[in-house]
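Student: I have a model open on my screen and would like to learn how to read it. Can you walk me through a few features?

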Amino acid sequence: MTTREHPTAKTVPGLRALLGCLVAGVFVASLDQTVIATAIVRMTSDLGGYEYQAWITSAYLITAMTSGLSAGRLSDNFGRRPVYLLSVVLFLVGSALATFASSIPALAAFRAVQGFGAGGLMSLALVVLGDVLPPRERPRF
């Protein structure tokens with residue numbers, strides 16, 4: 001009777017590159033949660049709309065937290081890679097659109113798009129690590 005051995009972290013090909021990509025995705029998504037706090041006063045004075053100021057941050061955080069669950073379920077159905085790449089694209093498109101926003105409500109909407117991508121980036125990083133690493137190696141990473 002043969003037993004299947006779990007791979008160790010040393011035998012997983014491309015583990016360092018994979019970790020680098022996952023860490024970079026989580027870093028940008030996490031950084032984007034708080035980076036807006038330093039510029040929000042200037043943005044609202046330039047674009048007007050102080051009454052929508054809270055929505056710039058809230059739209060991102062609400063969509064990031066709710067889309068994490070959806071990204072996990074979609075990755076079960078369609079695979080990890082396509083859903084992760086879709087999350088990257090949503091995050092980048094939301095970032096590009098937010099750059100060219102001409103009003104505070106538009107900026108809040110584009111930050112919501114960005115949040116959908118960020119939720120996938122943060123939640124799928126942990127899912128991918130769980131798929132790649134054996135249970136004994138996971139706490140170390």
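Predicted model: local features only at pLDDT ≥ 70, side-chain atom pairs only at ≥ 80, totals over all residues.

Student: What is the mean pLDDT of the chain?

Tutor: pLDDT is the predictor's confidence in each residue, from 0 to 100. Here the chain's mean is 87, and 91% of its residues reach 70 or more.

Student: Which residues of α1 are buried?

Tutor: An α-helix has 3.6 residues a turn, so residues three or four places apart point the same way. Buried means under 20% relative accessible area with a 1.4 Å probe, protein chains only. In α1, that covers Leu15, Leu19, Leu22, Gly25, Ala29 and Asp32. They pack against α3, α4 and α5.

Student: Which residues touch the most other members of the largest nonpolar core?

Tutor: Such a core is a set of buried Ala, Val, Leu, Ile, Met, Phe, Trp, Tyr and Cys residues joined through side-chain atoms within 4.5 Å. In this one, of 18 residues, the answer is Leu22, Ala29 and Ala118. The largest share, seven residues, comes from α5.

Student: What sits over the ring of Tyr60?

Tutor: The test is NZ of Lys or CZ of Arg within 6 Å of the ring centre and within 35 degrees of the ring normal. Here the charged end of Arg111 does so, 4.5 Å from the centre of the Tyr60 ring.

Technical notes
Residues numbered from 1 in each chain as written. Heavy atoms only, no water. Buried < 20%, exposed > 50% of the residue type's maximum accessible area, 1.4 Å probe, protein only. Helix = DSSP H or I, 4+ residues; strand = E, 2+ residues; numbered from the N terminus. Contact = heavy atoms within 4.5 Å.
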